[in-house]
Amino acid sequence: MTTDDSFDQKPETPRDPEAPAPAPAPEPATPTPLDIDLAPEPEEAPRVTPKVERSATADASAKAASTAAAADVVRPLRPIVRGTHYEWVLAVAGCGAAVLLGAALAGQRGVMPFFNADGTPADPAIVDRIFHSLKLLLRIALGSSCLVAGAYFLQLLDRRPVGDLRVLASRMLAITALALLATLLPIEHRLLKQIYDVLVPLVAIWALMMLFFRVKPRDAGIILFGGLVALTILSLGSQIVAFAVT
């Protein structure tokens, strides 16, 4: 039996597997409404700041702290003498001393209170007038030196600078000379004259101290007190020296 190649069967082409049919798209679900109560929020109540009550102890401690802080700040004190010119002050001191010397040489009863044994005023001799004039000059120098020591006594207490020593000494000379001018007032009674010659010049020195140095009454009193202490020490020292050499 003859076979013909023309009748040979062609190889079968492999068939692709069938793709599965696409699934139908699901229908969009209807959203379920949420059961939420949208009530309006309540208005915020105003905030009340609580008041803090400060006790008396807290106030006292705050004042003490402020006082301590102020005390820590040290302010420099004003010097007793602020100027540097002393010429005009020396001129004032010279004028005062000249008036006192002229009154003593003329025998003025206020400067030279001489009395007789019965208490009546006496006319001093020329030698007594010269001697008393020298005594007045020494009194001016001694009084001004003691007042300079009183100024340093104030410096020791308050830690205040003194300033120019030349200006200080010249002003003390002027203050002493002007204060002694108060003794020109004649008083016929001996005891009253002695009291007047002690108290009135001291008051005049205290007042002139405030005028020349622009200090407070308390500072002027301290300077005057220091001067009296220095005068007392000199007096005791002179008596000790006189007792030792005699």
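Modeller: Arg159 is exposed, with a relative accessible area of 68% (exposed means over 50%, buried under 20% and partly exposed in between, for a 1.4 Å probe and protein chains only). This is a predicted model, in which local features need pLDDT of at least 70 and side-chain atom pairs count only at pLDDT 80 or more, while totals for chains, interfaces and linings use all residues. Residues are numbered from 1 along each chain as its sequence is written, and side-chain values use heavy atoms, without hydrogens and water.

Arg159 lies in the loop between H3 and H4 (a helix is a DSSP run of H or I with at least four residues, numbered from the N terminus). Phi of Arg159 is near 55 degrees, a positive value in a residue other than glycine. Most residues other than glycine have a negative phi. Before Arg159 comes H3, and the 33 residues of H3 should span 48 Å at 1.5 Å a residue, which agrees with the 48 Å between its end C-alpha atoms (the expected span is 1.5 Å times one less than the number of residues).

Arg214 is found in another loop, the one between H5 and H6. Arg214 also has a positive phi, of about 55 degrees, although it is not a glycine. At 59% relative accessibility, Arg214 counts as exposed.

The axes of H5 (residues 190-213) and H6 (residues 217-245) come within 9 Å and cross at roughly 130 degrees (axes are lines fitted to C-alpha atoms over the stretch in contact, with angles from 0 to 180 degrees between N-to-C directions). That makes H5 oblique to H6 (under 35 degrees is roughly parallel, over 145 roughly antiparallel, 65 to 115 roughly perpendicular, and the rest oblique).

On the H5 side, Leu202, Ile205, Trp206, Met209 and Met210 meet H6 residues Pro217, Ala220, Gly221, Ile223, Leu224 and Leu228 (contact means heavy atoms within 4.5 Å). By class, this contact has ten nonpolar, one polar and no charged residues (Ala, Val, Leu, Ile, Met, Phe, Trp, Tyr, Cys and Pro are nonpolar, Asp, Glu, Lys and Arg charged, and the others, Gly among them, polar).

H6 has 29 residues and reaches 42 Å from its first C-alpha to its last, close to the 42 Å expected. Its buried residues include Asp219, Ala220, Ile223 and Leu224. The cover over the buried residues of H6 includes H3 (126-158), H4 (165-180) and H5.

Definitions and conventions:
Helix = DSSP H or I, 4+ residues; strand = E, 2+ residues; numbered from the N terminus.
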